[in-house]
Structures are given as structure tokens and as C-alpha cells.
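Dear colleague,

Please find below the structure that I am handing over to you, together with its sequence. My notes on what was found in it follow directly after.

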Amino acid sequence: MENFPVVDMSKLNTEERGSTMELIKDACENWGFFELVNHGISIELMDTVERLTKEHYKKCMEQRFKEMVTTKGLESVQSEINDLDWESTFFLRHLPVSNISEIPDLDDDYRKIMKEFAMGLEKLAEELLDLLCENLGLEKGYLKKVFYGSKGPNFGTKVSNYPPCPKPDLIKGLRAHTDAGGIILLFQDDKVSGLQLLKDDQWIDVPPMRHSIVINLGDQLEVITNGKYKSVMHRVIAQTDGTRMSLASFYNPGDDAVISPAPALVKEDESSQLYPKFVFDDYMKLYLGLKFQAKEPRFEAMKARSSSVDVGPIATV
């Protein structure tokens, strides 16, 4: 079995830059996922984020989750559950406007540290987008410009905890799906595993590594690259022991960003453009009802819609 791709970003400033860029390219083309080490976000900051996230779950969310499980009778299910996930979550929005001050039950220290963490992740996401541009032969800043729309990108963090599950064979931590957006940066628990991706029709574990950031590509990058890079199905398997922490940060296009294959990646013959042109928010509205289904019908639905709607020129910064 091939090794899961691990990228050491410190090598980008050494004579190993070429081989590191090649590793990123291969991961984007053949995995849709890779893991970053030496990514520039401090270990101390990550340790504090992890500690405060776990404290917040224990203090404010664990009991609510247990009550939900009891109310729905989930401890005693006898058949597979397909309409819910074994997870406890809340969502922090960072861009275009933060909602961190509005989320109830967050300690001031936690709000402050999550703002700092988000700033580091935003910078890392934009750095990664430029590395992808370089590998794709696109001008520097192209992906950031496409994502910008008129108000800038959407950026937020889904804070999840996956408690011990008595029936992991019948209830998924998170059902299989691809991510709708752009580039996803995941800080996951390094002690409790569970994340898997689908590669060559096999489910493969994404290895927990201390202080790493897992990167995966969303549907929008598949469209913009005209299928050169792919978004990949992934899921979370619930565990019988241990609570798994997951902070998934989504750097997505702005609501009114116009998404289409980059002209530089489409051959002169228009029939080689495999994906439609659409407004990101229209795709999200469709995705919300179809998240746990295959992505291809979503693309086909947008293709049918885009053939009858003129979405106008791409907004630039």
C-alpha cells in the first residue's frame, strides 16, 4: 500500500523544493488529501487550541450530546442509521464577518485563541492556493482572485467532537461525502483516529499525526482545475473508546464568486471543458440537500442550470 502523502513545508525553502512541489502535485492528482508538517502554525498555539476545545466540549456540550442520544434511543439501535452522524459540533465563521463573539458558552480565552488560530490558517490556506497555482501553471494569485467574489472568501471552522459510540458498525461519526468548497485545513486528534478517505475503491485511514494539518480539496478546486485535481469521498468512523477532536476549517469562495474551469487548463476546443460555470452560492444551495450523495449529479445539475443562465464575468479584486 502506498504511504499517505506527508509534506514538510520547511523543505520549500531548500534545495528539496522541487521534490516537495512534486509531492504536493501527486497528492492533489491522486489522493485529494495530504498532511502538512512544519506548516508555520506554532505548536504552542495548537496545544492551547486543543486543550480549550476539549475543555469546552466537556463543560458545555458533552451532557447535551448524551441527552440527544438518550432521546433518540441511539444506544439500542439494531439496524444501520443513515440520517444522522455521531458528532457534536458548532461552527465558527471568520470571513467575511466573524461570528465568534456571538457564539454562546465560549470563554473569552477560547474566543481569543480561535481568532489567532484562524488567522494562521487563513494565511496557510492562501499560501497553499499559490503553491497549487504554481503546480498548475496558473499565474500567482489566480485561485485567490477567483475565490474572492465581491466581498472576499468565506472562511469558517467546524468544531467537532466524536464521542465513544456503542454501535460504530451501525452509526457513522460522519457519513461519506466530498466537501463542497475550496481547500480544507483539518487539525485532528492525534490519539483517537477515525477519518478515512476513498482511494481506488478502498477506505484508507488518514493517519493521526501530532501537530500536523491535514489538507483536502473541495469540489470547487475540481471544477477550476477541469478535473485535474479531484475532491475525494471521506468519512469518519465512530470509535468505541475515546472522544476524537476535529477542527475543520473551510477556505471557500465568496457567495457571489463565479466558478468555472480556468481557461489556461482548458484546451482550445471548448468540448474539453468538462465542468460548468456557476455562482458558488447556487452550488451550495444544491449541495446542502445532496451532501451525502455522489458529486457528479451536482455538477450535471449545475451544467443544466448554467446553460440557461449568464453568470457574467469573473469578479476580480
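**Findings**

Asn-226 is found in the loop between α5 (219-224) and β10. Helices (H or I, at least four residues) and strands (E, at least two) are DSSP runs, numbered from the N terminus. This is a predicted model, in which local features need pLDDT of at least 70 and side-chain atom pairs count only at pLDDT 80 or more, while totals for chains, interfaces and linings use all residues. Residues are numbered from 1 along each chain as its sequence is written, and side-chain values use heavy atoms, with hydrogens and water left out.

**Two buried residues**

Asn-226 counts as buried because its relative accessibility is 10%; buried means under 20% relative accessible area, exposed over 50%, and partly exposed in between (1.4 Å probe, protein chains only). Leaving aside neighbours within four places in sequence, Asn-226 is in contact (heavy atoms within 4.5 Å) with Pro-261, Leu-265, Val-266, Ser-272, Gln-273, Leu-274 and Tyr-275.

Val-146 lies in helix α4 (residues 142-148) and is also buried, with a relative accessible area of 4%. Not counting residues up to four places away in sequence, Val-146 touches Ile-224, Ala-257, Val-258 and Ile-259. Val-146 and Gln-78 are 68 residues apart in sequence and 48 Å apart in space, C-alpha to C-alpha.

**The sheet**

Strands of a sheet pair through backbone hydrogen bonds, either parallel or antiparallel. Here, seven strands form an open sheet with mixed pairing, in the order β1-β2-β9-β6-β11-β4-β3; two strands pair if DSSP finds at least two bridges between them. At the edges are β1 (6-8) and β3 (88-95), each of which pairs on one side only. On average, neighbouring strands of this sheet are turned by 25° against each other, direction ignored. Axes are lines fitted to C-alpha atoms, for helices over the stretch in contact, and angles run from 0 to 180 degrees between N-to-C directions.

Strand β6 (residues 183-188) pairs with strand β11 (residues 244-252) in the antiparallel sense, over six bridges. The bridge partner of Gln-188 in β11 is Ser-246. Helix α3 (residues 108-136) packs on the sheet, and its direction makes about 135° with that of β6.

**The cores**

Which residues of the largest nonpolar core touch the most other members? Of its 81 residues, they are Met-114, Phe-117, Leu-128 and Ile-183. A nonpolar core is a set of buried Ala, Val, Leu, Ile, Met, Phe, Trp, Tyr and Cys residues joined through side-chain atoms within 4.5 Å. Helix α3 gives the largest share of this core, 14 residues. A second, separate core of 16 residues includes Phe-4, Leu-174, Ile-184 and Ile-204.

**The pocket**

The largest pocket has a volume of about 560 Å³. On a 1 Å grid over the protein atoms alone, a pocket is an open set of points with protein on both sides within 12 Å along at least five of seven lines, and lining residues have an atom within 4 Å of a point. Grid points are joined across faces, edges and corners, and a volume is the space filled by probe spheres set on the points. Of the 31 lining residues, the closest to the pocket centre are Phe-91, Lys-158, Asp-179, Phe-250 and Lys-291. The largest share of the lining, six residues, comes from β4.

Yours sincerely

Methods:
On a 1 Å grid over the protein atoms alone, a cavity is a set of points where a 1.4 Å probe fits but cannot get out, and a pocket is an open set with protein on both sides within 12 Å along at least five of seven lines; lining residues have an atom within 4 Å of a point.
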